[in-house]
Amino acid sequence: MSRPARPTILAAMSRSLKVLIGVVVVAVAAAAGGVWWYLRDDAPAKVSLEQATEDAARKPAGPGAGRGVEGAWTVDNTTGDFDFESASGTFAGFRVQEELARIGHTTAVGRTGDVTGTLTIAGDRVTEASFAVDLTTITTNQSQRDRRVQDALDTDEHPEATFRLTEPIALPAGAASGRPVKATGIGELTVHGQTRPVEVGIEARVVKGRIVLVGSVPIKFSDYGVEVPSSPIVLSVEDHGEMEFQILLVRA
C-alpha cells in the first residue's frame, strides 16, 4: 500500500503565507480601529442651564428649600453624577479645538468633578463668591490626552485653578422665585499660578432648594503661561478656548 504524498515545501510555504497575510490584515484593522477611536470627535455637549435644571429637578429637595436665596451657599458635590456620558452634578473644565492629521478639526474637552467653593447673597446681590477646581483630577474625552494635559497645566506645581468675584452681581428680578436668570460675574481667574481679570457669563436658576449655575469664560492659554499640548497626530491646538462649569449649590 502506498503512503499519502507529503506536502511539498511550496504548499507549506503557501499556507504559511496565507496565515501571515491574515495576521497582518487583522493587525492593520485593529490599528485602524484604534486610531479611529482616538481621533473620533465624541466631545460632550456644552453646559446647558436647561439640561442642568432638568437633572436637578429629578433629585430630592435640598436643605432649606423654600427659604429664598439670601445667605451663604456652598458647592454641592453629592447631588448628581459626574462623567462624560452623564454629567448631572457639579463639574468644571475646558473646551478647545484641535486639528488632527488626516482627520481635521475635533473638540478636546477636559473636566473634573472636584470643585469646592462658597457664594453669599445679601438682599438682591451676590456679594461674595470664590471657587477652586482640582486640576490634578481632570480627565478628557480621550484618555490618551490626559497625561499631556496634566503636563501642560503643570499640575505638580499648580494643582488648582481658582475664581474670585471682585464686584457684586445684581440679581435680576425673579431670581428668588426660580426664574432662570443671566448675569456677568467680574472677578479674577488664576490658572498655572497666573491671575488675570475676567468676565464670566453666568446662567442660574433655583431648583428645589439648590442654586444651579452654568457658564463659561473665553481663555487664552498663553496669557496664563500654559503651552498647549501636542503629539505626532495633533497638527495644532488652538491657544484659545473656553473654561466652562456647572455648579450646584446648597445652603452652607
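Two strands are taken to pair if DSSP finds at least two bridges between them. Strands are DSSP runs of E of at least two residues, numbered from the N terminus. The structure is a predicted model, in which local features need pLDDT of at least 70, side-chain atom pairs count only at pLDDT 80 or more, and totals for chains, interfaces and linings use all residues. Residues are numbered from 1 along each chain as its sequence is written, and side-chain values use heavy atoms, with hydrogens and water left out.

Strand β4 spans residues 115-122. Its side chains alternate. Strand β1 (residues 71-75) runs antiparallel to β4, joined by four bridges. Here G71 stands opposite I121. Strand β5 (residues 125-134) is also antiparallel to β4, through eight bridges. L119 has A129 of β5 as its bridge partner. β4 and β5 form a hairpin with two residues between them. In that turn, G123 has a positive phi of about 65 degrees.

Strand β11 (residues 210-220) is mostly covered, with eight of its 11 residues buried. Seven bridges link β11 to the antiparallel strand β10 (residues 194-207). V214 of β11 faces E203 across this pairing. β10 and β11 form a hairpin, again with two residues between the strands. K208 in the turn has a positive phi of about 50 degrees. Strand β13 (residues 240-251) is antiparallel to β11 and is joined to β11 by 10 bridges. In this pairing, V217 stands opposite M243 of β13.

Key:
Buried means under 20% relative accessible area, exposed over 50%, partly exposed in between (1.4 Å probe, protein chains only).
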